[in-house]
Amino acid sequence: MNDRKQIAIVLAAGKGKRMGTQTAKQFLPLRDRPILYYSLRVFQDSFIDDVILVTGEDEIAYCRQEIAEKYGLSKVRAIVPGGRERYHSVYEGLKEVRKLTDHTAAVYIHDGTRPFITENILLRLKESVEQYGSAVAAMPVKDTIKLADQDGFVTATPDRTKTWQVQTPQCFDFDWIYPAYRRLIEEEEPLLAKGVHITDDAMAAEMYGGGKVHLVEADYRNIKITTPEDMAVAERFLQDIF
């Protein structure tokens, strides 16, 4: 399986309401380049063969001209419009992957607002997905976690040694994750009626994939930029890197 395609789906279709800006957060400048650029650059310089970029329909031309072409990101093979929710966007990306592969690919699904992914993390994920069929970037939780009811009262305290903070990329064999997402989309309405909300790819794989999801230790710096406070942290990380 070592010669099979390694394909990344990078999600950049969100609006980022919590950032409080008119510009979608993935396009905000970090130093002098859009946040989205940084993760795409890592994929470009890595062993990844192809990148599928999923963005808003109105941003496709911008992403092609002002990011992919401007910065020489030649591995961006396709830029496709996303959907209403994150899982809709992932499914659109998976449908595009299907055009590029004979179904033996490993797929790396990544949030475009996580600029600090590294090739070392990607290599660890590659090793895991080759062995287990899944590889989800994550880090052990540092703080005690509480589960609460709708009124804010604690209902349980999970064992901290068994709790992980999940990140991206989340990687799967294509012939595992694509059928799982197809079933998710088919059963979306009954799931929503039950109050089930799919928040990451691992959850779709857990529900419909028929196998165990393997967590891979990544890096605490692999943050998702969501708020203005995150931007300040990201600026500091860039100072340390460069």
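A: Before the questions, one cut-off is needed: a residue is called buried when its relative accessible area is under 20%, exposed when it is over 50%, and partly exposed in between. Please keep in mind that this is a predicted model.

Q: Why is D50 called buried?
A: The relative accessible area of D50 is 4%, and since buried means under 20%, D50 counts as buried.

Q: What makes R77 and D50 a salt bridge?
A: The rule asks for a side-chain nitrogen of Lys or Arg within 4 Å of a carboxyl oxygen of Asp or Glu; the closest N and O atoms of R77 and D50 are 2.4 Å apart, and the pair therefore forms a salt bridge. R77 lies in strand β5 and D50 in strand β4, so the pair ties together parts that are 27 residues apart in sequence.

Q: Why is R77 called partly exposed?
A: R77 has a relative accessible area of 49%, and because exposed means over 50% and buried under 20%, this value falls in between, as partly exposed requires.

Q: How do you know that D201 and R86 meet in a salt bridge?
A: Their N to O distance is 3.0 Å, which meets the condition of being within 4 Å. The pair links helix α7, where D201 lies, with helix α3, where R86 lies, 115 residues apart.

Q: What makes D201 buried but R86 partly exposed?
A: D201 has 0% relative accessibility and counts as buried, whereas R86, at 22%, counts as partly exposed, because the cut-off for buried is under 20%.

Notes
Residues numbered from 1 in each chain as written. Predicted model: local features only at pLDDT ≥ 70, side-chain atom pairs only at ≥ 80, totals over all residues. Heavy atoms only, no water. Helix = DSSP H or I, 4+ residues; strand = E, 2+ residues; numbered from the N terminus. Buried < 20%, exposed > 50% of the residue type's maximum accessible area, 1.4 Å probe, protein only.
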